[in-house]
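Here are some friendly notes to read alongside the model.

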Amino acid sequence: MVRRIAGATRIPVPGGKVIDEYVGRVNTGDDQVSIAHMVAPAGWEEPAQTPEFTEYTLVLRGTVVVEHEGGTTEVHAGEAITTLPGEKIRYAAGPEGAEYVAVCLPAFSPDTVNRDE
């Protein structure tokens, strides 16, 4: 069955980052996958997390910096990165900020992201 999604739900987060969820628990009730468009200002960063889901991130503009157990990876516009469940990671935006799309399998949930306090 085809299902048109007319728009996103904006999810409030601190630090100036904007999350518009198109598919996922909040906007469509899907728990198998989430798809969100995000815009993060220069200098934005979030606490480390150990998610219980796979995340695929496609950078559209700027740079997403991903700190992980193996080091730090800068993901630039036109590139993508995959992070796997159980690995401690931390996301930040590069000096020019970042615009990106994140796809999570299963869908993102505050209960399964396991952010550090």
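1. Let me start with proline 106, which sits in the loop between S7 and H1. The peptide bond joining leucine 105 to proline 106 is cis, with omega at about -15°. As for the labels, helices (H or I, at least four residues) and strands (E, at least two) are DSSP runs numbered from the N terminus.

2. A word on the ground rules: this is a predicted model, in which local features need pLDDT of at least 70 and side-chain atom pairs count only at pLDDT 80 or more, while totals for chains, interfaces and linings use all residues. Residues are numbered from 1 along each chain as its sequence is written, and side-chain values use heavy atoms, with hydrogens and water left out.

3. Asparagine 114 is worth a look in the backbone torsions: its phi is positive, about 55°, although it is not a glycine. It belongs to the segment after H1.

4. How many salt bridges does a search of the whole structure find? The search gives seven, counting a side-chain nitrogen of Lys or Arg within 4 Å of a carboxyl oxygen of Asp or Glu. One of them pairs arginine 3 with aspartate 30, the closest N and O atoms being 2.8 Å apart. This pair links distant parts of the chain, 27 residues apart: arginine 3 is in the segment before S1, and aspartate 30 is in the loop between strand S2 (18–23) and strand S3 (34–40). Arginine 3 itself is partly exposed, at 46% relative accessible area.

5. Glutamate 45 forms a salt bridge with arginine 90, with 2.9 Å between the closest N and O atoms. Here the partners are 45 residues apart, glutamate 45 in the loop between S3 and strand S4 (54–68) and arginine 90 in strand S7 (residues 89–105). Glutamate 46 pairs with arginine 115, the closest N and O atoms being 3.4 Å apart. Glutamate 46 is buried, at 11%, whereas arginine 115 is partly exposed, at 36%. Shared partners also join Glu45, Glu67 and Arg90 into one salt-bridge network.

6. The largest pocket has a volume of about 490 Å³. Its lining numbers 28 residues, with Lys17, Ile19, Met38, Phe108 and Arg115 lying nearest the centre. S2, S3, S4, S7 and H1 each supply at least two lining residues, and S7 gives the most, with four. The volume is the space filled by probe spheres set on the points.

7. By residue class, the lining of the largest pocket divides into 16 nonpolar, five polar and seven charged residues. Ala, Val, Leu, Ile, Met, Phe, Trp, Tyr, Cys and Pro count as nonpolar, Asp, Glu, Lys and Arg as charged, and the others, Gly among them, as polar.

Technical notes
Buried < 20%, exposed > 50% of the residue type's maximum accessible area, 1.4 Å probe, protein only. 1 Å grid on protein atoms, 1.4 Å probe; cavity = no way out; pocket = protein on both sides within 12 Å on 5 of 7 lines; lining within 4 Å.
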